[in-house]
Amino acid sequence: MRFHPNEDQATFLSALEQMMEGKNAAWRTSPVWNRFDWSSDFDGELEQSEFLNCAAEETLGPVTATAMIYRLASLPIAVECAASSLLRPQFAPSLPRPLAVVESDAKHAIRFLPVARSALFIGRSQVRACILDEGGATAVESLFAYPMGVLTRKPDWQRVDADPEMVRDRWRVAIAAELAGALKGGLDAVVAHVRERHQFGRPLGSFQAIQHRLAVAAAKVEGGYWLALKAAQNLDRADAATALGYMQEASTKVVYDLHQFMGAMGLTLEHPLHRWTYRARLLRSSLGGAAENLRAVATKKRWRAA
Amino acid sequence: MDFDWTEEDRAYRAKIRAFLKRELPSGWAEISRHGPGSRAQTEFSLEFCPKLAEAGLLVPHWPAEWGGADRPTWEHFILGEEMWAAGEPRGAQYMNVNWIGPTLMRFGTDEQKRCHIPQMAEGKAIWCQGFSEPNAGSDLASISTKAERDGDEYVINGTKIWTSYAATAQHCFLLARTASGAQGKAGIAIFLVPMSSPGIEVRSIPSLIGHGDIHETFFTDVRVPVSARLGEEGEAWSIISYSLANERVGIPRYELAGRVLGGMVTELTARGEFEDSAVQVRAGSALAACEAARMLVYRVVDKRARGESIGAEASMARVAVVEADHAVTDFGLDFLPDTLSGGDYPAHLAHHERAIVTGIAAGAAEVQLGLIARHWLDLPREAS
């Protein structure tokens, strides 16, 4: 049992954090009232860096990929990392990225489709992949802070030789880390705000009512993060569902509190809070949502009597 | 990062389970019925802990010099999980093992170490903790029990309350204010007080957490030699901060909660009631709460194992443990309420009884939330 990174992991994560401080990853207001900020520059920079292939490296592996997903999700800009770092290296290394994931029903709006160059379909009995040609997907207007889209025509799906349950397990871990990271990004922004913002003659963050709720949020985010990392190591079915179900269930209250403490500022597109909270809202419904994933915990777990 | 147990860890856990299976008597359910603080269980610990000591399973993480085997922190923690989940057959003695012994080793005089530590390592010492007072609970720094210097002695006067194990303890790890000291945290010292001293009176307080668990303890002109003081006058706060950083994650409650939840699911399955998806969702949610608590506690143990100082991580773990305990209690109340009365499901009953204390023992969970706000989120202090 070791919670600290090995030497390679530490070097990797510190290089990643350095890259996250660059100008391509910085917050900027969108001039056109966009609810998301797809950063093709930073996405490209990540792809070039080979960071997204870390899961395939022996000394890094899926645990490091999961830690990376968490960190990148805390940025105000959006990049496609979860599928490219936890699914692509293992199941479809030759697919061009960005990679959109179609969970089961391709008729719904799907995140990243408008910017994706390929898609992976995780069905009940099959996993399929396709290259997205020009015009293969159309953008859809959405409240969710990702580029959202639908397929415009039936793609040329090719069967991928992979067990859909195993793909789903990895996807659960990826989403759990991404959701925890998005909430962490929002939490950090709100904590910075309540430290600075004075009302009633004192910083908002000095009120116990606010402190306690943010402290609970911090414990939830940390709990979800470590559950995701643990699940990434063995990719155990119950562990993966535990991490995702836990974070999805916790997310509603965390999102509510973050918006409460940001007040009207958090209702504007000029403040980045919505970038995290409206990603969290979409990720809450991933893979069937909290109830379905918690039910999966119960049915996959090997229960033992006391 | 590596979240698996080593082969050695697994073998160690198996060894403890085998020991428990062999050594816990057939009447254990009855003995442990009223919890670790009951007289029956404390008396049992005086037979059981010497056997643990004999097998090298009482204080394995202590230095060899004091009866231990210099075993790793993680083994100590595995031991704690297995003991708590078995109903804590060490009774009050878990405190000696976890923090009273280590605190004496670090801050005690040679005489204090020689006097107290060997008995703890043999499994024959019962201690209680004289911290809370009628007017000083969460605000522990406001205690008013006095220890006045009189020549080579201190004279102690005051009242401690909610003291676990006081009726059977041989010694009390007591906080008292020395007359010459300043107010608040600075004026407090620790005394190692024999409970047989004239002037100590113990009254049992009927409680929700087992027969004879908590007490009111009165000190009237109790005289102890200066040599019974641990550390200097005014040093108590820094000493107990060190001790309690470990204690906040001292009891691995999620381990019992998780096992009880497993028992509840097994029972519901046998009744044909686990097919209901509403039940499954709630079981998954309660299990996730237990596992999140486990990870946050393990992170603290990992830091301790590496000799790093522990900050708000321990408070976060504590908050998650409280939530886990209550999630399992609620699961039982919603789906197996019939098992929470009568004597047919002792594990369910034990968990239900003990969960009420999770957010209170070792300091209110709300105090922990304040510590997270200040030390993890770096939020400004509350205005006074």
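**Contacts between the chains**

Mentor: Between chain B and chain A there are 2 salt bridges. Keep in mind that this is a predicted model.

Trainee: Which side chains meet in a salt bridge with Glu323(B)?

Mentor: One partner is Lys220(A), whose side chain meets that of Glu323(B) at 2.3 Å, N to O.

Trainee: Which helices of chain B supply the side that touches chain A?

Mentor: H8, H9, helix H10 (312-335) and helix H12 (365-375) of chain B each give at least two residues to that side. The largest share, 16 residues, comes from H9(B).

Trainee: And by class, what residues does that side of chain B have?

Mentor: It has 27 nonpolar, 8 polar and 12 charged residues.

Trainee: How many residues are in contact across the two chains?

Mentor: 47 residues of chain B are in contact with 47 residues of chain A. There are also 19 residue pairs in polar contact between chain B and chain A, counting pairs with both residues at pLDDT 80 or more.

Trainee: How much area do chain B and chain A bury between them?

Mentor: About 4,500 Å², with 69% of it on carbon and sulfur atoms. On the chain B side, Met1(B), Phe3(B) and Leu377(B) lose the most area to chain A, together 19% of what that side buries.

Trainee: Change of topic. Where does Glu88(B) lie?

Mentor: Glu88(B) is in the loop between helix H4 (73-85) and helix H5 (93-107) of chain B.

Trainee: Is Glu88(B) buried or exposed?

Mentor: Glu88(B) counts as buried, because its relative accessibility is 2% and the cut-off for buried is under 20%.

Trainee: What is Glu88(B) in contact with?

Mentor: Leaving aside neighbours within four places in sequence, Glu88(B) is in contact with Trp28(B), Pro36(B), Gln41(B), Met83(B) and Tyr94(B). The side chain of Glu88(B) also makes a polar contact with the side chain of Arg90(B), at 2.9 Å.

Trainee: What about phi of Glu88(B)?

Mentor: It is near 55°, a positive value in a residue other than glycine. Most residues other than glycine have a negative phi.

Trainee: Where is Asp70(B), and what is its place in the chain?

Mentor: Asp70(B) is in the loop between H3 and H4 of chain B. Asp70(B) has a positive phi of about 55° although it is not a glycine. At 51% relative accessibility, Asp70(B) counts as exposed.

Trainee: Back to H4(B). How many of its residues are buried?

Mentor: 12 of the 13 residues of H4(B) are buried, so the helix is largely enclosed by the rest of the structure. Among the buried residues are Trp74(B), Phe77(B), Glu81(B), Glu82(B) and Trp84(B).

Trainee: What covers the buried residues of H4(B)?

Mentor: The cover includes helix H1 (7-23), helix H3 (39-54), H5, helix H8 (253-270), helix H9 (277-305) and helix H11 (346-355) of chain B.

Trainee: What should the 13 residues of H4(B) span?

Mentor: At 1.5 Å a residue they should span 18 Å, and the end C-alpha atoms are 19 Å apart, which agrees.

Trainee: Which residues are linked with Glu81(B) and Glu82(B) in a network of salt bridges?

Mentor: Arg13(B), Arg17(B), Glu255(B), Arg259(B), Glu291(B) and Arg294(B) are linked with them. The side chains of Arg294(B) and Glu291(B) meet in a salt bridge at 3.3 Å, N to O. Both lie in helix H9 of chain B, 3 residues apart, about one turn of the helix. Arg294(B) is buried, and so is Glu291(B).

Trainee: How many salt bridges does the structure hold over all chains?

Mentor: 46. One of them is in chain A, where the side chains of Arg302(A) and Asp236(A) meet at 4.0 Å, N to O. That pair links distant parts of the chain, 66 residues apart. Arg302(A) counts as exposed at 64% relative accessibility, whereas Asp236(A) is partly exposed at 22%.

Trainee: Last one. Which peptide bond is cis?

Mentor: The bond from Arg97(A) to Pro98(A) is cis, with omega near 0°. Pro98(A) is in the loop between helix H5 (88-91) and strand E1 (99-102) of chain A.

Technical notes:
Residues are numbered from 1 along each chain as its sequence is written. Chains are lettered from A and ligands numbered from 1 in the order in which they are written. This is a predicted model: local features need pLDDT of at least 70, side-chain atom pairs count only at pLDDT 80 or more; totals for chains, interfaces and linings use all residues. Side-chain values use heavy atoms; hydrogens and water are left out. Helices (H or I, at least four residues) and strands (E, at least two) are DSSP runs, numbered from the N terminus. Buried means under 20% relative accessible area, exposed over 50%, partly exposed in between (1.4 Å probe, protein chains only). Contact means heavy atoms within 4.5 Å. A polar contact is a pair of N or O atoms within 3.5 Å; within protein, one must be able to donate a hydrogen and the other to accept it, and residues adjacent in sequence count only if both atoms are side-chain atoms. The expected span of a helix is 1.5 Å times one less than its number of residues. Buried area is the accessible area (1.4 Å probe) that two parts lose on being put together, summed over both. Ala, Val, Leu, Ile, Met, Phe, Trp, Tyr, Cys and Pro count as nonpolar, Asp, Glu, Lys and Arg as charged, and the others, Gly among them, as polar.
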